[in-house]
Amino acid sequence: MKVFILALDGLEYDLVAEWRLMGLQQVCFGKLTVPVNEKTGYPLSPEVWATFLAGRHVKAEFKKKFFDSKSLLIEQVLKALSALRKVVGRGFGLGRRLREFQRPPLLRFPNRIHSPFLDALEGRVIVYNFPFINNDGAALKIGHRIISSSVEEVVEELWGLYGRRKSEIWDLEFGDDVDLILAFMHFPDELQHIIWEELQEIRRFYEDLDIFVSALGEKHEDKLFIVVSDHGFDFEKGVHSSYGFYSSNRPIKISRIEDFCRFLIEVVRGGELEG
């Protein structure tokens, strides 16, 4: 059986359920157990996607000490600057020097994440912009401009990138020599980190994403079409929620992010779904 996987970053299960986004829900949907980083207390995207590829927990190690009382104090100052930007549109560069001091933790991984399911498919795969493989980091680069640009400018640029991602993913096609398409975009997470208190704007994005996923699923209705996400988003705290998301156009049994590795090998090779 041929499989199309749309991997999203930060899709919140509770919003998909509450807003009844049927394109994202598909035939079955649910929460995924994902690795929760010991130091942050919530999932980190690189750690979760590495685990997805490897079929086992790939733990991230921090390259330098990051979590201390001084860093927490600076985090509060940065939140205050974020509020200032929302009032006047710009932060006047005040956060730049603090950001240089309080860079996000640098993570250490093996030079190459070995993926058994990609190896097993022996090149019969199209991989689009996936972490650790061919991701271009464009969404993160745009998001980091928030320290010097207006919120409106950054959000507009992210919407533009999102539109390009949708178009490029739509154009991905199966051929006789392709059994799996694995496509990734760093949405909705990058927007959520910037405008997480503006729930109406978040809903507008989710509803647009729902329309796109519904159409993409219809295009590939004769394939196994799966949506997977590495974590959700806690809109009260402004951090990642501790579970992932999956949905499928056919009934499947998946409970952990690492289960996809074995599952994909069995489905592509076997050609049928059990149960």
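Me: With which residue does the side chain of R256 make a polar contact?
Reply: The structure is a predicted model. In this model, R256 has its place in the loop between β10 and α11. Its side chain makes a polar contact at 3.0 Å, and the partner is the side chain of D259.

Me: Is R256 buried, partly exposed or exposed?
Reply: The relative accessibility of R256 is 38%. Buried requires a value under 20% and exposed a value over 50%. The value for R256 therefore places this residue in the class partly exposed.

Me: What distance separates the C-alpha atoms of R256 and L32?
Reply: R256 touches L32 and T33, leaving aside residues up to four places away in sequence. R256 and L32 are 224 residues apart along the chain. The distance between their C-alpha atoms is 5.2 Å.

Me: Why is the aromatic pair of Y13 and F245 classed as it is?
Reply: A search of the whole structure finds 20 aromatic pairs. In the pair of Y13 and F245, the ring centres are 6.4 Å apart and the planes stand at 50 degrees. Planes under 30 degrees apart would count as stacked and planes over 60 as edge-to-face.

Me: How many residues apart are Y13 and F245?
Reply: Y13 belongs to helix α1, whereas F245 belongs to strand β10. Both Y13 and F245 are buried. The pair links distant parts of the chain, with a separation of 232 residues.

Me: Which class of aromatic pair do F52 and F117 form?
Reply: F52 lies in helix α3 and F117 in helix α6, 65 residues apart. Both F52 and F117 are buried. Their rings are 5.7 Å apart from centre to centre, with 75 degrees between the planes. Since planes over 60 degrees apart fall in this class, the pair is edge-to-face.

Me: Over the ring of which residue does the charged end of K31 sit?
Reply: K31 is in strand β2. At 40% relative accessibility, K31 counts as partly exposed. The charged end of K31 is 4.0 Å from the centre of the ring it sits over, which belongs to Y243.

Me: With which residue does D14 form a salt bridge?
Reply: Side chains of opposite charge can pair when their charged atoms come close. The closest N and O atoms of the bridge are 3.8 Å apart, and the partner of D14 is K31.

Me: What is the distance between the closest N and O atoms of E201 and R204?
Reply: E201 and R204 are three residues apart in helix α10, which means that about one helical turn separates them. R204 also lies over the face of W159, at 4.3 Å from the ring centre. E201 and R204 form a salt bridge, and their closest N and O atoms are 2.7 Å apart.

Definitions and conventions: Residues are numbered from 1 along each chain as its sequence is written. This is a predicted model: local features need pLDDT of at least 70, side-chain atom pairs count only at pLDDT 80 or more; totals for chains, interfaces and linings use all residues. Side-chain values use heavy atoms; hydrogens and water are left out. Rings of Phe, Tyr and Trp (its six-membered ring) pair if their centres lie within 6.5 Å; planes under 30 degrees apart count as stacked, over 60 as edge-to-face and the rest as tilted. Helices (H or I, at least four residues) and strands (E, at least two) are DSSP runs, numbered from the N terminus. Buried means under 20% relative accessible area, exposed over 50%, partly exposed in between (1.4 Å probe, protein chains only). A charge sits over a ring if NZ of Lys or CZ of Arg is within 6 Å of the ring centre and within 35 degrees of the ring normal. A salt bridge is a side-chain nitrogen of Lys or Arg within 4 Å of a carboxyl oxygen of Asp or Glu. Contact means heavy atoms within 4.5 Å. A polar contact is a pair of N or O atoms within 3.5 Å; within protein, one must be able to donate a hydrogen and the other to accept it, and residues adjacent in sequence count only if both atoms are side-chain atoms.
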